[in-house]
Amino acid sequence: MTNVMAVTVSCEPRGENGRERMRAHPEITMPAAKPRLLQFPASAPPARQFIVPREHGAWALWLFPLISGGIVGYAAAPRTIAPALWFSLLALTAFLIRQPLDSLLGSSVLKIRSPQEYRIALFWVMGLTAIAAFCAFELVGLKRALVLGFGLAALACFALSAAFSKSRRLRIARQLVGALGLSSTSAGAYYVVTGQITRTALLLWLLNWLFAIGQIEYVQLRLHTARVASTRAKAEAGWKIALF
């Protein structure tokens, strides 16, 4: 270990002239002290980061199709709203399952770092799954069994989106597939209100998905043109999105 010359200073009490007298001893050497870094305890992220979707846009891409499908369905054939309420609760639980399930599968940017976080995410998924199963049971009792088909379609989109998360090149494709699953609530809401799957239901699904694609592409456009200074360059890069 390398030694360096150290100087120790001793301070004596103040003398009559009011000055401190200090004596240095350069002959004393001691090992160089390693710098001590301040270490703060790492705080774990709040549990809500694992159980509540953090993408603000995802809430709109899920809720807007649900509301629009219910309104169009009620305008076409006004019936009891009980199936719509059960379906809304089912869609909400399915939406809230995605974030903790992503963390459990390792496909989310939020990684589980402790057994406590793992238990929180696991119990949350299990509880929401139980609620979703109960809602589906009630919808089947109300003669809305075909709603399970929309559930399977959304589940397939989720599985494909999770598979795309392993490649950075498929990041945009993952968002588009995820938006397809989220926008399925429009067709589902229309079906549970009217009791029928018509071209209107499928058209609602398509239009809401196109709306979601526009939002996703707009965000990507802003990210890619963040450093573009001229207005002309921005217009050339974004005219296709504006037209879409």
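What share of the 244 residues of the protein counts as buried? The share is 30%. The model is predicted, and the legends below take its parts in turn.

Figure 1. Starting at the N terminus, the elements run β-β-β-β-α-α-α-α-α-α-α-α-α. The contacts considered here join residues at least 6 apart in sequence, and 69% of them link residues at least 24 apart. Buried residues make up 30% of the 244 in the protein.

**Figure 2. Helix H3 packs against helix H4.** H3 covers residues 82–105 and H4 covers residues 115–141. Their axes lie 8 Å apart, and the packing angle is about 155°. Angles over 145 degrees count as roughly antiparallel, so H3 is roughly antiparallel to H4. The crossing of these two helices is left-handed. What kinds of residues form the contact of H3 with H4? They divide into 21 nonpolar, two polar and one charged.

**Figure 3. Lys 111 sits in the loop between H3 and H4.** Is Lys 111 buried, partly exposed or exposed? Its relative accessibility is 45%, so Lys 111 counts as partly exposed. Pro 100 is 11 residues away from Lys 111 in sequence. From C-alpha to C-alpha, Lys 111 and Pro 100 are 10.0 Å apart in space.

**Figure 4. Ile 51 belongs to helix H1.** This helix spans residues 48–51. Ile 51 has a relative accessible area of 14%. Buried means under 20%, so Ile 51 is buried. Which residues does Ile 51 touch, not counting those up to four places away in sequence? They are Leu 96, Pro 100, Ile 120 and Trp 124. Leu 122 is 71 residues from Ile 51 along the chain. The C-alpha atoms of Ile 51 and Leu 122 are separated by 9.9 Å.

**Figure 5. Lys 143 lies in the loop between H4 and H5.** Most residues other than glycine have a negative phi. Lys 143 is not a glycine, yet its phi is positive, at about 60°. Is Lys 143 buried or exposed? Its relative accessible area is 73%, so Lys 143 is exposed.

**Figure 6. Phe 158 is placed in helix H5.** H5 runs over residues 147–164. With a relative accessibility of 17%, Phe 158 counts as buried. Neighbours within four places in sequence are left aside here. Beyond them, Phe 158 is in contact with Arg 98, Leu 101, Asp 102 and Leu 105. How many residues separate Phe 158 and Asp 102 along the chain? They are 56 residues apart, and their C-alpha atoms are separated by 9.5 Å.

**Figure 7. Helix H5 meets helix H6.** H6 takes in residues 171–182. The two axes come within 8 Å and cross at roughly 165°. H5 and H6 are therefore roughly antiparallel to each other. H5 passes H6 in a left-handed crossing. From H5, the contact is made by Ala 154, Cys 157, Leu 160, Ser 161 and Phe 164. From H6 come Ala 173, Arg 174, Val 177, Leu 180 and Gly 181. Seven of the residues in this contact are nonpolar, two are polar and one is charged.

**Figure 8. Helix H8 runs beside helix H9, with their axes coming within 10 Å.** H8 holds residues 199–224, and H9 holds residues 231–243. At what angle do the axes cross? The crossing is at roughly 175°, which makes H8 roughly antiparallel to H9. Glu 217, Tyr 218 and Leu 221 of H8 make the contact with Ala 237, Gly 238 and Ile 241 of H9. The residues of this contact divide into four nonpolar, one polar and one charged.

**Figure 9. Cys 135 and Cys 157 are both buried.** Cys 135 has a relative accessible area of 0%. Cys 157 counts as buried at 10% relative accessibility. A disulfide is a covalent bond between the sulfur atoms of two cysteines. How many disulfides does the structure hold? The number is zero.

Methods
Residues numbered from 1 in each chain as written. Predicted model: local features only at pLDDT ≥ 70, side-chain atom pairs only at ≥ 80, totals over all residues. Heavy atoms only, no water. Disulfide = S-S within 2.5 Å. Buried < 20%, exposed > 50% of the residue type's maximum accessible area, 1.4 Å probe, protein only. Axes fitted to C-alpha atoms, helices over the stretch in contact; angles between N-to-C directions. Helix = DSSP H or I, 4+ residues; strand = E, 2+ residues; numbered from the N terminus. Parallel < 35°, antiparallel > 145°, perpendicular 65-115°, else oblique. Contact = heavy atoms within 4.5 Å. Nonpolar A, V, L, I, M, F, W, Y, C, P; charged D, E, K, R; others polar. Left-handed = near helix turned anticlockwise from the far one by under 90°.
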